Structures are given as C-alpha cells and as structure tokens.
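I opened a new notebook page for this chain. My plan is to look things up one at a time and write down what I find.

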Amino acid sequence: MANAQCTCGILRLVLREPSKLVVACHCFACQRRTGAPFGVNAFYAIDTVEISGSATEFVHVGESGRNVRPYFCPTCGSTVYWKPDALPSMIGVAVGALADPDFPAPAISIFERSKHPWMHFEGQIEHFPAGAIRKYSPELTRKV
C-alpha cells in the first residue's frame, strides 16, 4: 500500500494496489502542470484508490483530444491526481506526490513530439511521438 499527498498534506490518496503503468508524458499540459520538462504519471484502477481532503477540479482537452480532469489542492496548489476520459476506470497519480525515490521508472514515454531534445531515459522504455492510449487501454481498463 502506498500513499500520495499534496505539499501541505490536506489532499491525500491511499493506493491499495500497485500501479498498472508508469508513464513519462512530455505533452505541454504536463509540462505546464509540473513546471518541469515532463510529468511522470502512475496509473491505478480507480476502485483501488481512496481519496481524502478537498480538491479542485480543472477540466481541459488533452493532446489526445479527450478531456483530462486534474485535481489539485486548493490550499497549496499541488496537482496530485487526474482522471482521463480516455481511461474512465483509471486514475493518474503524480509520481512526485508519492515522494518515493524507489518508485519504478516509466515503461513508456509519450507525446515525445514535444519532448526537450536533451531529455533521455536509461534502460528499457517504449517511445511514442503522440499518446499510446490505444495500445495500452485494453490492458489498463481490464477489471482486476
């Protein structure tokens, strides 16, 4: 069991099962959301996540063309999780909100068309110029 939280600790998640997939995302929305050149996102079955504390929802159209609903702490502003319409049974969690240096590395890197050219990953990782939802969605949305 793992826990994620915002900077001030008001918004918290208890993750009762391991992540289904870890993704490095280079889309401009993740760059702006994190203030970094990419975001690292862990996806969990939504029914295995317990959310406590208040969150503010922001809805935007992602580069996939579908809505993404990031949730952030109204006190400190940290984005802790999001719900992508493309994966309705999944919840994305910011790996940084887990504050776990031993968390697994990303398995895939998506929206590399907007990746900074100096950014490189070590080890085995699949690379996609756009999203990879079509390839991974049947596996991710399967009931566990």
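Before I start, I need one term: a nonpolar core is a set of buried Ala, Val, Leu, Ile, Met, Phe, Trp, Tyr and Cys residues joined through side-chain atoms within 4.5 Å. I also note that this is a predicted model.

Entry: the core.
I looked up the largest nonpolar core and found 34 residues in it. Leu13, Tyr44, Val80 and Tyr81 have the most contacts inside this core.

Entry: Leu13.
I found Leu13 in strand 2. Is Leu13 buried or exposed? Its relative accessibility is 1%, and the limit for buried is under 20%, so I wrote down buried. Leaving out residues up to four places away in sequence, I found that Leu13 touches Ala2, Asn3, Ala4, Val49, Glu50, Ile51, Val80, Tyr81 and Val93. I checked Tyr81 separately: Leu13 and Tyr81 are 68 residues apart along the chain, and their C-alpha atoms are separated by 8.7 Å.

I traced an open sheet of three strands, in the order 1-2-5, with antiparallel pairing. Strand 1 (2-5) and strand 5 (49-52) stand at the edges with a single partner strand each, so one side of each has no neighbour in the sheet. From one strand to the next, the twist averages 15°.
I went through the pairs next. Strand 1 and strand 2 are antiparallel and share four bridges, and Asn3 stands opposite Val14 in strand 2. These two strands form a hairpin with six residues between them. In the turn I noted Gly9, which has a positive phi of about 90°. Strand 2 (residues 12-15) is also joined to strand 5 by four bridges, again antiparallel. Here Leu13 stands opposite Ile51 in strand 5.

Entry: Val80 and Thr79.
What is Val80 in contact with, leaving aside its neighbours within four places in sequence? I listed Ala4, Gln5, Cys6, Leu11, Leu13, Tyr71, Gly92, Val93, Ala94 and Ala97.
I located Thr79 in strand 9 (residues 79-84). The relative accessible area of Thr79 is 19%, which is under 20%, so Thr79 counts as buried. Not counting residues up to four places away in sequence, Thr79 touches Arg33, Pro70, Tyr71, Phe72 and Ala94.

Entry: Gly65.
I found Gly65 in the loop between strand 7 (60-61) and strand 8. Its relative accessible area is 55%, and exposed means over 50%, so I marked Gly65 as exposed. Gly65 and Asp85 are 20 residues apart in sequence, and I read 9.8 Å between them in space, C-alpha to C-alpha.

I looked up the second largest pocket, which has a volume of about 220 Å³. There are 13 residues lining this pocket, and those closest to its centre are Thr34, Gly39, Val40, Val95 and Gly96. Helix 1 (28-34), strand 4 and helix 2 each supply at least two residues of the lining.

How values were computed:
Residues are numbered from 1 along each chain as its sequence is written. This is a predicted model: local features need pLDDT of at least 70, side-chain atom pairs count only at pLDDT 80 or more; totals for chains, interfaces and linings use all residues. Side-chain values use heavy atoms; hydrogens and water are left out. Two strands pair if DSSP finds at least two bridges between them. Axes are lines fitted to C-alpha atoms, for helices over the stretch in contact, and angles run from 0 to 180 degrees between N-to-C directions. Buried means under 20% relative accessible area, exposed over 50%, partly exposed in between (1.4 Å probe, protein chains only). Contact means heavy atoms within 4.5 Å. On a 1 Å grid over the protein atoms alone, a cavity is a set of points where a 1.4 Å probe fits but cannot get out, and a pocket is an open set with protein on both sides within 12 Å along at least five of seven lines; lining residues have an atom within 4 Å of a point. Grid points are joined across faces, edges and corners, and a volume is the space filled by probe spheres set on the points.
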